[in-house]
Amino acid sequence: GPGLPATEAQTLSGNRVTLSQSVAGHSVWLVMGFSKDAGDPCSDWARSLRGDPALAGLRIWEAAMLAGAPDFIRGVIRSAMRRGLSPAEQDAFVTFVKDEQLWRSYFCVSNDKEPYVVLLDAQGKIRWRGHGMAKDLEPQLRAAAH
């Protein structure tokens, strides 16, 4: 399928990045949410991936689509997302405010209340994709990581 969209994003630490460039040449997990309802389940995914020694060694990027939020509220949303995250985690958490349809297509979004997860290899190819609760998909993701 198509590669990661080349959309500029802002990390929670305030840096501008293009995720497709930032992950190039690395195997990574990408966890993305498309609504407020998906926020906590996305955080659960990230914690599960970070805390699993069998999955150690792969960088984890979190992302949130904020295109639907009014401009004046996006700073408040980003501030709330920063709470409880280390500086390194904030550097690997991006927010998008454009290209929502491209990202929905990339993740094959069918329910924006669920988190979406992909495992990308160093060439940017999707090696595994899933959506839903981390605990329900853990056996599949462990198999994909090996």
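C108 sits in the loop that runs between α5 and β6. This is a predicted model, in which local features need pLDDT of at least 70 and side-chain atom pairs pLDDT 80 or more, while totals for chains, interfaces and linings use all residues. Numbering starts from 1 along each chain as its sequence is written, and side-chain values use heavy atoms, leaving out hydrogens and water. Helices (H or I, at least four residues) and strands (E, at least two) are DSSP runs, numbered from the N terminus.

**Loop residues with positive phi**

- C108 has a phi near 55 degrees, a positive value in a residue other than glycine.
- With a relative accessible area of 48%, C108 is partly exposed (buried is under 20%, exposed over 50%, partly exposed in between, with a 1.4 Å probe and protein chains only).
- D99, in the loop between β5 (93–96) and α5, also has a positive phi, near 60 degrees.
- D99 is partly exposed too, as its relative accessible area is 31%.
- As background, most residues other than glycine have a negative phi.

- α5 spans residues 100–107, and its buried residues are W103, R104, Y106 and F107.
- These four cover an arc of only 160 degrees around the axis, which puts them on the same side of α5 (the arc is taken from the directions from the helix axis to the C-beta atoms).
- Q101 and S105 are exposed on the other side of α5.
- The model has nine aromatic pairs (Phe, Tyr or Trp rings, the six-membered one for Trp, with centres within 6.5 Å; planes under 30 degrees apart are stacked, over 60 edge-to-face, the rest tilted).
- The ring centres of F34 and F107 are 6.1 Å apart with planes at 70 degrees, so this pair is edge-to-face.
- F34 belongs to the loop between β3 and α2, and F107 to α5, so their pairing ties together parts 73 residues apart in sequence.
- F34 counts as buried at 6% relative accessibility, and F107 is buried at 3%.
- Y106 and F107 make an edge-to-face pair as well, because their ring centres are 5.2 Å apart and their planes stand at 85 degrees.
- One aromatic cluster takes in F34, F96, W103, Y106, F107 and Y116.

**Helix α2**

- The end C-alpha atoms of α2 are 18 Å apart, which agrees with the 18 Å that its 13 residues should span at 1.5 Å a residue (1.5 Å times one less than the number of residues).
- P41, C42, W45, A46 and L49 are the buried residues of α2.
- Down the helix axis, the buried residues of α2 fall within an arc of 145 degrees, so they line one face.
- D40, R47 and G51 are exposed on the other side of α2.

**The largest pocket**

- The largest pocket has a volume of about 740 Å³.
- Of its 29 lining residues, S35, K36, G39, I77 and M81 are the closest to the pocket centre.
- β3 (28–33), α2 (39–51), β4 (59–65) and α3 (71–82) each supply at least two lining residues, and α2 gives the most, with seven.

**Strand β6**

- V117 is in strand β6 (residues 116–120) and counts as buried at 0% relative accessibility.
- The C-alpha atoms of V117 and W29 are 7.0 Å apart in space, although these residues are 88 apart in sequence.

Methods: 1 Å grid on protein atoms, 1.4 Å probe; cavity = no way out; pocket = protein on both sides within 12 Å on 5 of 7 lines; lining within 4 Å. Points joined across faces, edges and corners; volume = space filled by probe spheres on them.
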